[in-house]
Amino acid sequence: MVSIIGSNNCGKTTLIKCLNGLHEIDSGEILINGKNIKKLSFKEISKHIGYIPQSHVPSFPFKVLDVVLMGRAPYLNLTDSPKKEDVDIALKSLRTLGIEYLKDKEYTNLSGGERQLVFLARILCQQPDILILDEPTSHLDFGNQIKLLEIIDNLSKSGLSIIMSSHFPDHAFLSSHKVAIMKNKRFIDCGK
C-alpha cells in the first residue's frame, strides 16, 4: 500500500486520474502488466483498477445490492444481465466489508460512512488487482475514518495493491507500506 500525501491542490487527484486513464498524460507512460494504458479500453482498465473518487453523489434510489452489482459492468456486454455468479460475487463483497445487512436498503438513504463502504464493495465486485482511492476518508467522521482505514489495511494484507491519496499524514502512517509526499505537482520524497 502506497499513500500519496500533500496539501490541497498539490496534484494528488490529477495524478490519480492519470493513473486510471481518466486524464491524458503529457509525457512518459503508465503501464498495467506491461501494457501501455493508452492502448487499453476503459473496460480493460476497469478489470485491473478499481477507483473511488474523492466524492460521489448518489442520484437514484437503487438498492445497495444493485449498486454493488454495477461493479460487474467490465465483465458484462451492453445487453447482458448479471448472472448468479455476479450476484454471488456482489454478496461476497458486501460480506467482506461486513455490510451484507444493507443489501436491500436504498443507497440514497444511507449515511455517508455506509455509502462509502457500499462504494468500496462495488469496487471489490470488479475484482481488480489495484485499488486507487482518492481521499477515501475525506467526508467521514473520525470513527468511520478509522473503520475504513482498517478495512483498507485488511484488503492490502489480502493481496490487493492499493494507492491512496490523503492530506492527513496520520492516515498514511497508520496503514501504508510506503508514503510519497507531493508539493507543487511533484514528488518531494518517497519512502517507508
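Biologist: In this predicted model, does Asn33 count as buried or exposed?
Modeller: A residue needs over 50% relative accessible area to be called exposed. Asn33 reaches 63% relative accessibility. Asn33 therefore counts as exposed.

Biologist: What is the phi of Asn33?
Modeller: Asn33 sits in the loop between strand S2 (31-32) and strand S3 (35-36). Most residues other than glycine have a negative phi. Asn33 is not glycine, yet its phi is positive, near 50°.

Biologist: Where is Lys185 found?
Modeller: Lys185 has a positive phi near 65° and is not a glycine. At 61% relative accessibility, Lys185 counts as exposed. Its place is the loop between S7 and S8.

Biologist: How many bridges pair strand S7 with S8?
Modeller: Strand S7 covers residues 178-183, and strand S8 covers residues 186-191. They pair in the antiparallel sense. The count of bridges is five.

Biologist: Which residue in S8 does Met182 stand opposite?
Modeller: S7 and S8 form a hairpin with two residues between them. Asn184 in that turn has a positive phi of about 55°. Across the pair, Met182 stands opposite Phe187.

Biologist: How many of the six residues of strand S8 are buried?
Modeller: Buried requires under 20% relative accessible area. Strand S8 is hardly covered. Its count of buried residues is zero.

Biologist: Which residues make the nonpolar surface patch of about 290 Å²?
Modeller: One member, Met70, lies in the loop between helix H3 (64-69) and helix H4 (84-96). Patch members need over 30% relative accessible area. Met70 has 32% and is partly exposed. The patch is made by Phe60, Phe62 and Met70.

Biologist: Which element gives the most to the lining of the largest pocket?
Modeller: The largest pocket holds about 320 Å³ of space. Helix H2 (42-48), strand S4 (49-52) and helix H5 (112-125) each give two or more residues to its lining. With four residues, the element that gives the most is H2.

Biologist: Which residues lie nearest the centre of the largest pocket?
Modeller: The lining of this pocket has 17 residues. Nearest its centre are Phe42, Ser46, Tyr51, Ile123 and Gln126.

Biologist: What is the volume of the largest cavity?
Modeller: A search of the whole structure finds one cavity of 30 Å³ or more. Its lining is Gly113, Gln116, Leu117, Leu140, Asn144, Lys147 and Leu148. H5 and helix H6 (142-157) each supply at least two of the lining residues. The volume of the largest cavity is about 40 Å³.

Biologist: How many salt bridges does the structure hold?
Modeller: Side chains of opposite charge can pair when their charged atoms come close. The cut-off is a nitrogen within 4 Å of a carboxyl oxygen. The count for the structure is six.

Biologist: How far apart are the closest N and O atoms of Lys84 and Asp88?
Modeller: Lys84 and Asp88 are four residues apart in helix H4, so about one helical turn separates them. Lys84 counts as exposed at 61% relative accessibility, while Asp88 counts as partly exposed at 36%. They form a salt bridge, with the closest N and O atoms separated by 2.9 Å.

Biologist: What is the N to O value for the salt bridge of Arg95 and Glu100?
Modeller: Arg95 is partly exposed, with a relative accessible area of 47%. Glu100 is partly exposed too, with 27%. Their side chains meet in a salt bridge, and the N to O value is 3.3 Å.

Biologist: Is Asp153 buried or exposed?
Modeller: The limit for buried is under 20% relative accessible area. Asp153 has 19%. That value falls under the limit, so Asp153 is buried.

Conventions: Residues are numbered from 1 along each chain as its sequence is written. This is a predicted model: local features need pLDDT of at least 70, side-chain atom pairs count only at pLDDT 80 or more; totals for chains, interfaces and linings use all residues. Side-chain values use heavy atoms; hydrogens and water are left out. Patches are made of residues with over 30% relative accessible area and no salt bridge: like charges are joined within 9 Å, nonpolar side chains (Val, Leu, Ile, Met, Phe, Trp, Tyr) within 5 Å. Accessible areas come from the Shrake-Rupley method with a 1.4 Å probe; for residues, only the protein chains shown count as cover. Buried means under 20% relative accessible area, exposed over 50%, partly exposed in between (1.4 Å probe, protein chains only). Two strands pair if DSSP finds at least two bridges between them. On a 1 Å grid over the protein atoms alone, a cavity is a set of points where a 1.4 Å probe fits but cannot get out, and a pocket is an open set with protein on both sides within 12 Å along at least five of seven lines; lining residues have an atom within 4 Å of a point. Grid points are joined across faces, edges and corners, and a volume is the space filled by probe spheres set on the points.
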